[in-house]
Structure formats: C-alpha cells, structure tokens
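Me: I'm new to this one. Can we walk through the structure together?
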Amino acid sequence: MTQTLIACHECDLIHRVQPLPENSKARCRRCGALLYAHFPKTIEWSLALAITGLVLLVIANIYPFLSLESQGTVLETTLITGTIILSEQSMAGVAILVLLTSMLIPCILLGALVYVLWPMKLGHRLPANRRAFRLALNLRPWSMTEIFLLGILVSVVKLAKLATIIPGTALFSFLGLVLVLASINTFLAPQTIWEKMDEWR
Amino acid sequence: MAMIHGPAAHTAARSGLFNCHGCSLLVRRPSAAGQMPVRCPRCGTRLHRRKPNSIARTWALLIAAMILYIPANLFPVTITTYLGSTQPDTIMSGVIFFMQTDSWGIALIIFVASIVVPIAKLIVLIGLLVSVQRRSHWRPEERTRLYRITELVGRWSMLDVFVVTVLVALVRLGYLTTIEAGSGVVYFAAVVVITMIAAMTFDPRLIWDALEKNDESPAH
C-alpha cells in the first residue's frame, strides 16, 4: 500500500503524492512546509549513522572531556561531571534536564532508530517497532547536543584568561556525535519508513 | 502558485480526514461523532482534527513562561568566588562581561540566544494567538513561516543552561576560583522548556482555517 494523498501539517492542504527525483524534498504549495523527501538509501544511511552515533556516545562517556590546567595542576572532567556537580548544588531539576538533552535523549533516539531500521534492513520486524519509530521522531527537537557544543565553546572563551583548557578525546567524539545527529535529520525520510512498515500489513 | 485565498481550499479537515500528526497518514473521520479517542491505524498516535485546545493551552504556557522570565533575569545564573569575594552574575551581566573583555562574537551569541530569542518567541506566539482569535486574513503564508522559524530557533535558548553546566564542572572547589550555579538558571531552564512546549501546542493550521468561509467549528 502506497499512500497517494498527504496533507500539510502546517496548513492542512491536501496534496497528491508524486514520485520525486532522487535526494529531493517536496514542500507544501500553499505554505512551504516540508511534506516528504525521497532519499533512495534512507534506511541504510540512517542505520549506519545511528550505529556510528551510539559508538561515539560511548566513547564520549569513557574518555576525559575537558581538562583545566591552572597553577600547575590539572583538573579533568568527563561529559557527566557537570550534571553531577549541578545535582550536588541542589539543582537536581536542571541537572536532569542537562543529562536528558545532552545524553539520554540522543541515546534513546539513536537506539530506537537502530531497533527499527536494522531489522527492517534484514527484512524482519521487532515488536513495538512503530512505537519506537514514533518515539524517535518525537524526541528529535529535545536532542540538543549541538547547543551543548556551542555552550562548551562559550565557556572555553570565558575561561581562556583564567586557565588553559585542554580538549580530551571525548570532546572530539562528541563533535562527531553532533555531526551524526545533524546528518540523521537530513537523511531520515520518515514517510519512506512508514510506507515500508505498511508493506508488512 | 495556486490561489491561496480561495474560500474552499482542499484541506484534510474539509474532506472529512484526520491528518495523523505522527506519520502523516490520512484517516477517514468516523461519521458518528463519538467521544472515543481515535488512534492512527499505522503508528498509534491519537488523532485530532486540530491540536486539542490549542489556543487555551498555548496561552497558559506563554503566561507561565512570561512570569518565570522575570526571576530568570533577576536572579544570578552563576556565583563566582575568587579569593573569598563572591560575584553573582545574571544573564545580562554575563553578556556585559563578554563585551568588556572584547569577545563581541560570544557576547552577541549569548545575547541573541538568551535574551532576543526568548522575548521574540513570546511576542511572535502571542501575536499568532491574537491573529488566530481575531480570525485575521493577514498574510497567512508569512505567519506560518514565522511560526516555523520560532519552533526551529527556540531550542537554542538552552545555550546559557549548558554554559553554566560546563563552567560549574570546570571551575570547582580546591582552586582559587569556584563557580556555582545560581537559582536564575532554574527559572531560565523552565522558560526555555515551557516556550518549546508552547510552540508545539500551537496549531498553525488555525491560521489557515480563518481564511475559509463557513468553517465548521473546530470540534477537536
């Protein structure tokens, strides 16, 4: 079953679904909102990116993130240090928010994509795969690794006169994660994946 | 470009269809208007003709955000201790610090992310709500685009929360200088999250509904 009609999410206008040239997107003719995209390799690309992202996330959590050198002593931090310190300063709410947006939500998002797409590539499907895919789509705005990265840049500039900041392995891994998540936002064509799921009905 | 102000645009609502918010499947609306929630047969999302109580919910969230925005700017977000002397910093004094140290680029980034974006977002969403409630016909395309930008840009206000997190992690006890998080950051984080939810709650399709004559009352 292929969907023949689609309505714009922002102005409700109905469009006939038309075959698109490769790597292009269809926009609403009334308000310009994105309707659907056609990336022939969306499943393979998104799956590869999601697995890469999970590996990078693990590396980003194992190795030192940033080190601060001041008066001959070095203070090492990891990705989770900020969350721990915030919760020690009775800022549990903010600590949880930071933990969610910079680590847990990206992790769940990538995990859900792998859960849906890997079996799909192999021609299987796992229970609750539709729910998992919906979850991954809904979590996208709450994954804020790129904003966290900009926050690091700002902090480093702020501390530049006070001490020397040494970037660790985890920082580069985290940078990779930001690029992976941005690529997933570009290459993931949800409509194609929903239609693929329909084929099993 | 087709006629956009036509009185009878071919919309999902007019054709008796639900547009699933989760997977864009068009589902025929059951003829008997029962109170049972209808779920999408493909992805399981609850189906609505329009987002439920969109206007009232968005207003409530915006008012909450406006109230919280005041302590977010009055209370310090960081408290720096250097050799026994403490210096509290609010969001604005953080911006001024970067200006004084000639980091104009960084000052601009923080100013835009923490002050311009939240205020612009509140103004835009209130403007959109008022325009929808007055059933305005004014430039629906531009208003929809404004909404799309607002929804996209709002998350970047989290920047200051992350800056505080990294500063607190890097500058700790045992050194001459320590930085502690101040209560302002709690209110500010709440403002960012609440305005993000407010943008998601607003239904841009209401902008277009006003253009249609004899529009049936939005039941859901």
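Me: In what order do the three strands of the open sheet in chain A come?
Reply: This is a predicted model. In chain A the order is β6-β5-β7, and the pairing is antiparallel.

Me: Which strands are at the edges there?
Reply: β6 and β7 (164-167) of chain A are the edge strands, and each of them pairs on one side only. From one strand to the next, the twist averages 25 degrees.

Me: How many bridges between β5(A) and β6(A)?
Reply: Five bridges, with the two strands paired in the antiparallel sense.

Me: What about β3(A) and β4(A), how do they run?
Reply: Strand β3 (residues 24-27) and strand β4 (residues 34-38) of chain A run antiparallel and are joined by four bridges. A:K25 has A:A37 as its bridge partner in β4(A).

Me: How many residues sit between the strands of that hairpin?
Reply: Six residues lie between the strands in the hairpin of β3(A) and β4(A), and A:G32 takes a positive phi near 85 degrees in that hairpin.

Me: Switching to chain B. Which strands make an open sheet there, and in what order?
Reply: In chain B, three strands form an open sheet in the order β6-β5-β7, with antiparallel pairing. β6 (85-89) and β7 (177-181) of chain B are at the edges with a single partner strand each, so one side of each has no neighbour in the sheet. The twist there averages 20 degrees from one strand to the next.

Me: How many bridges link β5 and β7 of chain B?
Reply: Strand β5 (residues 78-82) of chain B pairs with β7(B) over five bridges, in the antiparallel sense. Within β7(B), B:A181 is opposite B:T78.

Me: Now the two chains together. How many residues does each put into the contact?
Reply: Chain A gives 50 residues and chain B gives 55 residues. On the side of chain A that touches chain B, α5(A) has the largest share, ten residues. By class, the residues on that side of chain A are 28 nonpolar, 13 polar and nine charged.

Me: How do the axes of the two α5 helices cross?
Reply: Helix α5 (residues 145-159) of chain A and helix α5 (residues 159-170) of chain B have axes that come within 8 Å and cross at roughly 50 degrees. α5(A) and α5(B) are therefore oblique to each other. The crossing of α5(A) and α5(B) is right-handed.

Me: Which residues make the contact between α5(A) and α5(B)?
Reply: From α5(A) they include A:I147, A:F148, A:L150 and A:K158, and from α5(B) they include B:F162, B:V163 and B:L170. By class, the contact of α5(A) with α5(B) has twelve nonpolar, two polar and one charged residues.

Definitions and conventions:
Residues numbered from 1 in each chain as written. Chains lettered and ligands numbered in written order. Predicted model: local features only at pLDDT ≥ 70, side-chain atom pairs only at ≥ 80, totals over all residues. Axes fitted to C-alpha atoms, helices over the stretch in contact; angles between N-to-C directions. Parallel < 35°, antiparallel > 145°, perpendicular 65-115°, else oblique. Left-handed = near helix turned anticlockwise from the far one by under 90°. Contact = placed C-beta atoms within 7 Å. Nonpolar A, V, L, I, M, F, W, Y, C, P; charged D, E, K, R; others polar. Pairing = 2+ DSSP bridges.
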